Amino acid sequence: NIHLAPAGFQRAEYIAKCVSNATFTMAFPLGPPDRLVASVRPPNAHGEDESVRPLETLTPLSRALSLPVENTLRYTNVDGFVDRLQKLAAGETMCVAWQHSFLDAFVRRLGLEGLAPASWPRSCNYTGPWAEPDYAMDVTEGNCYDLIWQLLLFREGPAHRWRSAAFSQMHMGFRGAGDGPCVEAFSPGSAPGMWGRAVPIAA
């Protein structure tokens, strides 16, 4: 499908609500992102297979943060994305929405071979009272939409390139409603730096 399904639009609103929150979370331990990037998937030679779903996923967050979505990189352009990543300043966070089938290539290019999954999971082990609707099943990629892949980057100095120092996989906690409570990795106060005084992550 070109556009998000109904649950996808609700998830986009949930992301905007939880990620724009100024409270540090496990998913965004430095606070809300400084850059938003969504892939471009234009129609093929037959006028098919176009997708604006990554852009639609980040549009509510873009409005909430008053940040533009950088929507110029073709979804197959892994090297272009890695080059874009090099423009991050120290302490900045980038939030990315992309076709799942290419995310493992990002991880490999950033130096985490063997530490991250070889591919995006086809299904999620949901911990809350929510299951993806039947229409959300993608024949090629499955129906796992609740995961976040988080990369911690490092470089020796400004003249060096960013590389991955650590990888984490976590749930964003969407449970079917855009205005639902922020739980799992989006739970307020769940960032590791706040664990000594954080409230428990909601079950």
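**Disulfides and folding in a predicted model**

If the bonded cysteines of the protein chain are numbered in sequence order, they pair up as 1-4, 2-3. A disulfide here is a pair of cysteine sulfur atoms within 2.5 Å. Left out of that pattern is Cys-95, which is in no disulfide; the nearest cysteine sulfur belongs to Cys-18 and is 12 Å away. Cys-95 counts as buried because its relative accessible area is 11%, where buried means under 20% relative accessible area, exposed means over 50%, and partly exposed is in between (1.4 Å probe, protein chains only).

A word on the ground rules. This is a predicted model, in which local features need pLDDT of at least 70 and side-chain atom pairs count only at pLDDT 80 or more, while totals for chains, interfaces and linings use all residues. Residues are numbered from 1 along each chain as its sequence is written, and side-chain values use heavy atoms, with hydrogens and water left out.

Back to the cysteines. A disulfide is a covalent bond between the sulfur atoms of two cysteines. Searching the whole structure turns up 2 disulfides. One of them is formed by Cys-18 and Cys-182, with sulfur atoms 2.1 Å apart. This pair links distant parts of the chain: Cys-18 sits in helix H1 (residues 6-19), Cys-182 sits in the segment after strand S5 (163-171), and the two are 164 residues apart. Helices (H or I, at least four residues) and strands (E, at least two) are DSSP runs, numbered from the N terminus. The link between Cys-18 and Cys-182 is left-handed, with -95° about the S-S bond. Both partners are tucked away: Cys-18 counts as buried because its relative accessibility is 3%, and Cys-182 is buried with a relative accessible area of 15%.

The other bond joins Cys-124 to Cys-144, at 1.9 Å from S to S. Cys-124 and Cys-144 both lie in the loop between helix H4 (103-109) and strand S4 (147-154), so this pair ties together parts that are 20 residues apart in sequence. The torsion about the S-S bond of Cys-124 and Cys-144 is about 85°, so this disulfide is right-handed. Again, both ends are covered: Cys-124 counts as buried at 14% relative accessibility, and Cys-144 is buried with a relative accessible area of 1%.

Stepping back to the whole fold, the protein chain has 4 helices and 5 strands. Along the sequence they come in the pattern α-β-α-β-α-β-α-β-β. A compact globule of 203 residues would have a radius of gyration near 17 Å, and the protein chain agrees because its value is 17 Å. That radius is taken over C-alpha atoms, and the globule rule is 2.2 Å times the number of residues to the power 0.38. The C-alpha trace spans about 55 × 45 × 35 Å along its principal axes. Of the 203 residues, 45% are buried. Taking contacts (heavy atoms within 4.5 Å) between residues at least 6 apart in sequence, 66% join residues at least 24 apart.

H3 is mostly covered, with 6 of its 8 residues buried. These are Val-78, Gly-80, Phe-81, Val-82, Arg-84 and Leu-85. The cover over the buried residues of H3 includes strand S1 (35-38), strand S2 (69-70), S3, H4 and S4.

Thr-93 is buried, with a relative accessible area of 16%. Setting aside neighbours within four places in sequence, Thr-93 is in contact with Phe-28, Leu-30, Pro-33, Asp-34, Arg-35 and Leu-88. Ala-90, on the other hand, is exposed, with a relative accessible area of 62%. With neighbours within four places in sequence again left aside, Ala-90 is in contact with Arg-155 and Trp-162. Ala-90 and Gly-80 are 10 residues apart in sequence, and 20 Å separates them in space, C-alpha to C-alpha.
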